[in-house]
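Keep the structure open beside you as you read.

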Amino acid sequence: MDKKQVFQVIKFTLFSISAGLIQIGSFALLELFIKDYWIPYLTSLILSIVWNFTFNRRFTFKSAANVPIAMAKVFGFYLVFTPLSTLLGNLAESVGVNDFLILIVTMLCNFILEFLFCKFVVYRGKEDTLKKEEKKQ
């Protein structure tokens with residue numbers, strides 16, 4: 001792993017932590033009023049996805065990739081991840097696993113899988129193109 005990739009992982013990690021704080025905070029707030037696991041989970045997940053996508057596209061991958069296409073790819077990732085994680089989360093909750101433990105394990109899986117997906121699918125061949133695109137304008 002070269003220096004650039006190390007910094008990329010560090011930036012992705014820091015933005016993911018901030019998105020995680022948004023997810024945990026919104027999950028905790030919603031959990032006060034809504035007892036079904038899936039509603040607070042899905043709402044907080046969407047908030048963190050939008051935050052994470054926005055900052056990682058601009059600062060981690062520095063990509064001028066077409067935003068709607070990049071977002072559609074991320075949406076595709078979550079079309080698989082979200083139902084699977086929601087189903088497994090509900091299953092774990094039904095056997096007595098703590099909601100916050102479920103959330104943390106799910107977030108760790110999401111972090112690893114989303115980085116790999118963004119790096120090798122969403123921004124493949126389009127990293128570090130943002131400055132080049134800005135110079136053209």
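A residue is called buried when its relative accessible area is under 20%, exposed when it is over 50%, and partly exposed in between, using a 1.4 Å probe and protein chains only. This is a predicted model, in which local features need pLDDT of at least 70 and side-chain atom pairs count only at pLDDT 80 or more, while totals for chains, interfaces and linings use all residues. Residues are numbered from 1 along each chain as its sequence is written, and side-chain values use heavy atoms, with hydrogens and water left out.

Let's begin with the rings. The structure holds 16 aromatic pairs. Rings of Phe, Tyr and Trp (its six-membered ring) pair if their centres lie within 6.5 Å; planes under 30 degrees apart count as stacked, over 60 as edge-to-face and the rest as tilted. Take phenylalanine 61 and tyrosine 123: their ring centres are 5.0 Å apart and their planes meet at 25°, so this pair is stacked. Phenylalanine 61 sits in the loop between helix 2 (38-60) and helix 3 (67-94), and tyrosine 123 in the loop between helix 4 (99-122) and helix 5 (130-136), so the pair ties together parts that are 62 residues apart in sequence. Helices here are DSSP runs (H or I, at least four residues), as are strands (E, at least two), numbered from the N terminus. Both partners are hidden away: phenylalanine 61 is buried at 0% relative accessible area, and tyrosine 123 is buried at 1%. They also belong to one aromatic cluster, formed by Phe12, Phe61, Phe111, Phe115 and Tyr123.

Now look along helix 3. Phenylalanine 77 and phenylalanine 81 form another stacked pair, with 5.7 Å from centre to centre and 10° between the planes. Because these two residues are 4 apart in helix 3, about one helical turn separates them. Phenylalanine 77 and phenylalanine 81 are both buried.

What about the cysteines? A disulfide is a covalent bond between the sulfur atoms of two cysteines. Here a disulfide is counted when a pair of cysteine sulfur atoms lies within 2.5 Å, and the structure holds 0 of them. The sulfur of cysteine 109 has its closest cysteine sulfur in cysteine 118, 16 Å away, which is too far for a bond. Cysteine 109 is partly exposed at 40% relative accessibility, whereas cysteine 118 is buried at 5%.

Most residues other than glycine have a negative phi. Lysine 62, however, has a positive phi near 45°; this residue is in the loop between helix 2 and helix 3 and is partly exposed at 31%. Aspartate 128 also has a positive phi, near 60°. Its place is the loop between helix 4 and helix 5, and aspartate 128 is partly exposed at 30%.

Finally, turn to a helix pair. The axes of helix 1 (residues 3-33) and helix 2 come within 8 Å and cross at roughly 155°. Axes are lines fitted to C-alpha atoms, for helices over the stretch in contact, and angles run from 0 to 180 degrees between N-to-C directions. Helix 1 is therefore roughly antiparallel to helix 2, given that angles under 35 degrees count as roughly parallel, over 145 as roughly antiparallel, 65 to 115 as roughly perpendicular and the rest as oblique.
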